[in-house]
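Please look through the sequence and the model shown below.

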Amino acid sequence: MTATGTRTADAARTLFVERFGTEPVGTWSAPGRVNLIGEHTDYNDGFVLPFAIQHRTHVALAPREDGVFRVRVISTFDEGIVDVALDELDALFPERRDEIPEWSRYPLGVAWALLAASGTDPRSVRGVDLAFASDVPVGAGLSSSAAIEGATAVALAETWGIDLDRVALAQIGRRAENEAVGAPTGIMDQMASLLGRADAAIFLDCRSLDANVIDLGFADAGLELIVIDTGVKHSHATGGYGERRAACERGAAVLGVAALRDVTPDDLPRLAELVDEVTFRRVRHVVTENQRVLDTVQTLREHGPTAIGDLLVASHASMRDDFEISVPELDTAVEAALSAGAVGARMTGGGFGGAAIALVAHDKVQAVTDAATAAFAAAGFAAPTIFTVTPSAGAARD
Ligand code: GLA
């Protein structure tokens with residue numbers, strides 16, 4: 001574990017002892033993620049290439065000794081204890097989710113989906129207490145939500161003796177996010193958080209859920225991956241994300257295919273005759289982005305990470321111009337990074353705020369950092385938060 005990771009695990013443990021008055025049996029954790037390329041392709045049955053990062057959410061847990069079938073959750077970023085009977089979860093989600101604080105819908109949604117997916121009677125498992133602490137920046141597009149879901153899933157599955165593989169746990173996390181939280185997101189973030197490997201990305205086919213580990217080799221190539229967090233907050237439970245998803249579904253329906261995964265660049269001229277101009281551009285982003293993921297994987301394998309810069313830049317342009325999910329702060333971050341010599345840069349995650357990433361030679365990190373900071377100041381934006389991320393391992397017991 002990193003020094004920060006140890007501190008965060010200790011924070012979860014300390015919170016547990018302070019608020020529940022007993023010792024946890026252990027801590028588990030799961031990482032946030034950066035998506036290297038493949039944006040808004042996951043819910044179109046397409047391809048993505050994310051990697052888990054060193055920032056993690058830790059959960060301290062103990063089963064209850066008193067035979068009470070309740071689950072209690074607390075976190076360092078909320079005052080209260082959320083306390084629900086295990087056999088009430090079914091009634092709570094999704095209809096009555098507004099009765100509990102928003103953050104608690106992630107872990108309690110996982111408890112609900114885990115029991116359901118495994119066909120476990122909520123009165124056959126022990127009640128549990130969980131305390132969360134995290135160093136994944138919230139609202140930065142780095143999947144703090146998948147981190148809390150992943151940590152909860154591995155902790156509860158082990159505690160309750162539920163034997164499901166990582167893909168099944170990722171699907172449980174996604175169900176929690178879709179139905180317990182109400183964000184219509186895809187499977188990418190949960191898969192990255194559960195399957196992550198040090199120094200590697202996960203090349204995921206979101207239709208078959210086949211996952212391949214792709215070596216990144218940033219350090220050997222003298223590169224660093226930096227995150228430029230714009231500080232512009234976003235939520236995928238509202239607005240733009242769902243609208244983009246609906247446009248993709250419209251495009252697929254008009255073309256008579258199950259998902260945009262089935263559309264190739266050759267189909268695009270035909271689509272232009274059938275849909276309005278905006279829908280056309282939305283579809284074009286997804287179709288070209290899928291191809292860019294495949295090209296990135298091939299380029300990494302054949303030429304290494306220094307050669308993928310143009311693909312990252314083309315991905316950003318497509319999100320800015322065709323999918324229209326960038327914001328001025330993200331464009332400024334990308335332009336500043338490129339002008340200061342980054343190999344490539346793009347926004348990462350669902351968009352409408354959050355962070356950009358830049359792939360940068362070690363000796364240019366300071367120049368890129370300074371350029372982004374100066375460009376934000378010149379544009380009158382609040383200062384960005386800039387840090388390096390390391391491709392890291394997925395969810396595990398600490
Ligand atoms: C969010 C969602 C993911 C994915 C990305 C966009 O992170 O949670 O499922 O759709 O946006 O690529």
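Which residues are buried in helix 12? The structure is a predicted model, in which local features need pLDDT of at least 70 and side-chain atom pairs count only at pLDDT 80 or more, while totals for chains, interfaces and linings use all residues. Residues are numbered from 1 along each chain as its sequence is written, and side-chain values use heavy atoms, with hydrogens and water left out. Helices (H or I, at least four residues) and strands (E, at least two) are DSSP runs, numbered from the N terminus.

The buried residues in helix 12 are Val 365, Val 368, Thr 369, Ala 372 and Phe 376. They cover an arc of only 100° around the axis, which puts them on the same side of helix 12; the arc is that of the directions from the helix axis to the C-beta atoms. Buried means under 20% relative accessible area, exposed over 50%, and partly exposed in between (1.4 Å probe, protein chains only). Gln 366, Ala 377 and Ala 378 are exposed on the other side of helix 12. An α-helix has 3.6 residues a turn, so residues three or four places apart point the same way.

The cover over the buried residues of helix 12 includes strand 9 (223–229), helix 11 (328–339), strand 11 (355–361) and strand 12 (385–389). Just after helix 12, Gly 380 has a positive phi of about 80°.

Next come the aromatic rings. Rings of Phe, Tyr and Trp (its six-membered ring) pair if their centres lie within 6.5 Å; planes under 30 degrees apart count as stacked, over 60 as edge-to-face and the rest as tilted. A search of the whole structure finds 8 aromatic pairs. In one of them, the ring centres of Tyr 43 and Tyr 241 are 5.6 Å apart and the planes are at 65°, so the pair is edge-to-face. Tyr 43 sits in the loop between strand 1 (26–35) and strand 2 (47–48), and Tyr 241 in helix 7 (residues 240–255), 198 residues apart. Tyr 43 is buried, with a relative accessible area of 9%, and Tyr 241 is buried at 6%. Phe 77, Trp 103 and Phe 132 form one aromatic cluster.

The cysteines remain. A disulfide is a pair of cysteine sulfur atoms within 2.5 Å, and a search of the whole structure finds 0. The sulfur of Cys 248 is 13 Å from the closest cysteine sulfur, in Cys 206, which is too far for a bond. Cys 206 counts as buried at 8% relative accessibility, and Cys 248 counts as buried at 1%.

Methods
Contact means heavy atoms within 4.5 Å.
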